[in-house]
Amino acid sequence: MTSLLRYATLVIACLITGCASLPPAAPRAPEQAIPASPQTELGRIALSSKAGPTDRSAVRPLPQASFALDARLELIRRAQASLDVQSYHLGNDKTGLLILRELRDAARRGVRVRLLLDDFHTAGLDRALLALAAESGAEIRLFNPFASGREHAATRWVSFFSDFSRLNHRMHNKLLVADGAIAIAGGRNMADEYFMRSDGANFLDFELLMAGPVVPQSARIFDEYWNSDVVYPLAEVVHTQDTPQTLKDEFELASSEARLPRPDTPADADAFGEPPLGKELARGELRWMQAEADAFADSPNKAIGTRPAGAVTLAQRWYAAMEAAKSQLLVISPYFIPGDKGMERIRAARARGLPITVITNSLADTDEPLVNVNYNSYRVALLQAGVELFEVSSRQMKRNGVMRRALRNAQGRLHGKLALIDREWVLLGSMNLDPRSALLNTEFGVRVRSFELTQALHYAYLLDNVEGVYRVKLGPDGESIQWVGTGDESNEVLDDEPDSSMLTRLQLLMFSWFVPGDQL
């Protein structure tokens, strides 16, 4: 009887959840980013980076997780005027709570803190977010939020499917701007697995530290989202009977060092020979690459199925840039579904002799196996068109001593999103090469023109002699697939998906029949 009562209670709660709707948007005055100023430490350092032409930006790659986390924490700790932070996923874990604590401390120093989160992954975080929002000078807004059922995963999923056409659109953007002067953009969310701090699986990702004209461009994009009708202040969506002080005390305990181990200190130098950001900021200067750089994003109204007349999506920009490649195209995407139109573009590029290389996740190491099954249906066609195809594998990566120490017992997964064009252009950001990024989610990206940066990425990631992957090739019959190990003296050749069982492959194939490809 008790089980039946619980089930009935859950059903009633789900029905109530499904009927809920968002409150009418309250009028609010638009807010703007605070521009860089030489009155702040970061503003002075950013201004000193303009050693070249005034239209050029300064960029610096952040390929390694420990250095990327250190850079975030240093910028937050040194900010004096403003912090604008945008993310798809803030983890309810030691990394996410640490970042919330650092933002709280910044607000207490008098820094204006604006935190914009997509609402899909905020389950369990409401009280911590309310605690930060209770600080003077800190404000939190949620993109396309859940109207109710926020407390539990089960009721969230009921809400999701009862309001599918709205909640299926998410904000996938990632951006941090400190004092309007220095920014970080790329693919990392703010959770343990994006900074090699998870015991289960960790993502290999990429970001760019930026100063110069690309930063105010990025800040204007943040403002467009912050002031959008698709975004709601936290207080309009999340309610509590507790006092602000109760929430603050609870968060103080939950985020204390006694509860949450702090990250390890980064090594003395990263893959490019650069020290951690904090050490350079302490000297008052940074070493940069001078480059042309521009920031772009989808309209936030993409989330409600509309966008301003004449607006160009990020996917359209990126595909046009890749189509213009003349000598080489290298694509890195954790989820890769070219679709029929993409295959047409690839065949046309190959017909004019363009070498194309694609690096994506293997089935065993993806966190989205249904996406991988959809990608699988294009593999033979890609190989027949002459595309060089590689799949990231934990087992292959751990043949390298450095990666083995970094991953320890955890699985390794690709999460970086990059396109390198003609050793001249780099496209990076939050966008995967799949229908969901193109059609459903909003995305943020940066386009950089720099031979120096493309060369550095080829060197750091061994892109001219790819390791830690399986090379995928056609079998002897020209219709089947084989996987060839790299960096392996045994020259391992497999005829079946590496590190996955037949049962797993059959189950995923059956599930894929019920999930439309444009949802992946």
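Where does E443 lie, and between which helix and which strand is its loop?

A: Happy to walk through it with you, keeping in mind that this is a predicted model. E443 belongs to the loop that runs between α17 (435-440) and β17 (444-449).

Let's start with how covered this residue is. E443 has a relative accessibility of 0%, and residues under 20% count as buried, so E443 is buried. Setting aside the neighbours within four places in sequence, you can look for what is in contact with E443: H172, N173, Y225, F296, A297, D298, L314, S430, M431 and S437. Pick out A297 from that list, because it shows what folding does to distance along a chain: A297 and E443 are 146 residues apart in sequence, yet 5.6 Å apart in space from C-alpha to C-alpha. Then find S430, whose side chain makes a polar contact with the side chain of E443, at 2.6 Å.

Now step back to the whole chain. The protein chain has 520 residues, and 56% of them count as buried. Its secondary structure comes to 19 helices and 20 strands. Among contacts in the chain with a separation of 6 or more, 78% are between residues 24 or more positions apart.

Next come the empty spaces. Rolling a probe the size of a water molecule over the atoms shows where empty space is left. The count comes to five cavities of 30 Å³ or more.

One of E443's contacts, M431, leads us to the second largest cavity, which holds about 80 Å³ of space. Of the 13 residues that line this second largest cavity, M431 is among the closest to its centre, together with W318, K417, L418 and A419. Two or more residues of that lining come from each of α12, β11, β15 (418-421) and β16 (425-429). The largest share, three residues, comes from β16. By class, the lining of the second largest cavity divides into 10 nonpolar, two polar and one charged.

The largest cavity has about 260 Å³ of space. It is lined by 16 residues, and the closest to its centre are M322, L329, G342, R345 and I346. Its lining takes at least two residues from each of α12 (314-323), β11 (329-332), α13 (339-351) and β12 (356-361). Of these, α13 gives the most, with four residues. The classes in the lining of the largest cavity are 13 nonpolar, one polar and two charged residues.

Last, look at the largest pocket, where about 1,400 Å³ of space lies. There are 50 residues lining the largest pocket, and Q64, M196, L204, M403 and A406 are the closest to its centre. The elements giving two or more residues to this lining are α3 (65-78), β7 (201-204), α15 (394-397), α16 (401-407) and α18 (451-460). By class, the lining of the largest pocket has 31 nonpolar, nine polar and 10 charged residues.

To return to where we began: E443 is a buried residue in the loop between α17 and β17, and its side chain makes a polar contact with that of S430.

Technical notes
Residues numbered from 1 in each chain as written. Predicted model: local features only at pLDDT ≥ 70, side-chain atom pairs only at ≥ 80, totals over all residues. Heavy atoms only, no water. Buried < 20%, exposed > 50% of the residue type's maximum accessible area, 1.4 Å probe, protein only. Contact = heavy atoms within 4.5 Å. Polar contact = N/O pair within 3.5 Å; in protein donor to acceptor, adjacent residues only side chain to side chain. 1 Å grid on protein atoms, 1.4 Å probe; cavity = no way out; pocket = protein on both sides within 12 Å on 5 of 7 lines; lining within 4 Å. Points joined across faces, edges and corners; volume = space filled by probe spheres on them. Nonpolar A, V, L, I, M, F, W, Y, C, P; charged D, E, K, R; others polar.
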